[in-house]
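Me: Hey, can you walk me through how the helices pack in this one? I'd like to look at it first.

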Amino acid sequence: MAETHRLDLDLDALRLLVDVADLGSISAAARAQRISQPAASKRIKTLEARLRLELLDRRSRGAELTDHGRMIVEWCRSVLDAADALVTGALALTSQAQATVRVGASFTVGEYLMPRWIAEFRLRGEHPHVQLRVANSHEVVAALRAREIDLGFVESPEVPTDLHSRRIGRDRLVLVVAPEHPLARRRRPLTGRELARMRLVTRESGSGARETLERALGEPMAEPAMELMTNSAVKVAVAAGEFAAALPELVVNQELHDGRLVEVPLVDVDMTRTLRAVWRRGTRWRGATGDFLTLVANKSRVQAAASP
């Protein structure tokens, strides 16, 4: 295999050589580069030494390029154009990264809290673009690890040890049925053991709501009557009248108020859960994403202080 020679070239020296070709003298090129003429001459000589080529004919008056020098200048222009494109593109990416908020949120947070947060965030700043992915808690964590998002919001009982987290609120699951369901007329609270034996409509495995329910029961659940991918789908199934479901209070507040669903009281079952912001360890918050997390954290503190 042929040996590959690597040259470490100074881009400033390449720019200087191009200016010499365009302006006709080392002194004019030095003024354009805002350096002294001796410094410019030294820089050109260093470039010639690295390339092992004579670029300027010093026997002539002024700064006349040699044949090799003219060829090198044309290649320099291509190199410098590529370098400028690299810097411009990198700056654009940095600006975009700081102005774009890439967020993933579990269904409860994504559907019932995130719209208000995003609306307020856009009103406070220069209208940064928010990319929102709504998925279950496990999928949000996976997207964080894959660097597809920068900030996540989850409702699962535990946060993986490779992520940092911050509490941003609390919620609880409530057992709900349609008004015509037999449990809607039940006079005494349902126990955890009774609930575990019921065939419920549930969210899919990996959702924060499903994990909270399983942990609260403390024993194996009966086979679900249905497993659905969204809270909205679970609500529709419950409203059909045959089955019950444990859903976030945020999700069913309006239906409980209107009487379209009925909450079934429980005893010995605590389905309170913490809503958290999560992010990769080592993340340095800059730009819009850090501002968004600050807004959410401040709102959670105000809401917590207002709670009885």
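Predicted model: local features only at pLDDT ≥ 70, side-chain atom pairs only at ≥ 80, totals over all residues.

Me: Which residues in helix 1 and helix 2 meet?
Reply: On the helix 1 side you have Arg-15, Leu-16, Asp-19, Val-20 and Leu-23. They meet Ile-26, Ala-28, Ala-29, Ala-30, Ala-32 and Gln-33 in helix 2.

Me: And how many of the residues in that contact of helix 1 with helix 2 are nonpolar, polar or charged?
Reply: Eight are nonpolar, one is polar and two are charged.

Me: OK, on to helix 3. At what angle do helix 1 and helix 3 pack?
Reply: About 110°, and the axes of helix 1 and helix 3 (residues 37–51) are 10 Å apart. That makes helix 1 roughly perpendicular to helix 3, because angles from 65 to 115 degrees count that way.

Me: Which residues make the contact there?
Reply: Helix 1 brings Asp-12, Ala-13, Leu-14, Leu-16 and Leu-17, while helix 3 brings Ala-40, Arg-43, Ile-44 and Leu-47. That contact of helix 1 with helix 3 has seven nonpolar residues, no polar ones and two charged ones.

Me: What about helix 2 and helix 3, what's the angle there?
Reply: Helix 2 and helix 3 pack at about 105°, with 9 Å between their axes. So helix 2 and helix 3 are roughly perpendicular to each other. Ile-26, Ser-27 and Ala-30 of helix 2 make the contact with Gln-37, Ala-40 and Ser-41 of helix 3. Those residues split into three nonpolar and three polar, with no charged ones.

Me: Switching topic: how many cavities of 30 Å³ or more does the structure hold?
Reply: One. About 50 Å³ of space lies in the largest cavity.

Me: Which residues line the largest cavity?
Reply: Val-201, Thr-202, Arg-203, Ala-209, Arg-210, Leu-213, Val-234, Ala-246 and Leu-247. That lining divides into six nonpolar residues, one polar and two charged.

Terms used:
Residues numbered from 1 in each chain as written. Heavy atoms only, no water. Contact = heavy atoms within 4.5 Å. Helix = DSSP H or I, 4+ residues; strand = E, 2+ residues; numbered from the N terminus. Nonpolar A, V, L, I, M, F, W, Y, C, P; charged D, E, K, R; others polar. 1 Å grid on protein atoms, 1.4 Å probe; cavity = no way out; pocket = protein on both sides within 12 Å on 5 of 7 lines; lining within 4 Å. Points joined across faces, edges and corners; volume = space filled by probe spheres on them. Axes fitted to C-alpha atoms, helices over the stretch in contact; angles between N-to-C directions. Parallel < 35°, antiparallel > 145°, perpendicular 65-115°, else oblique.
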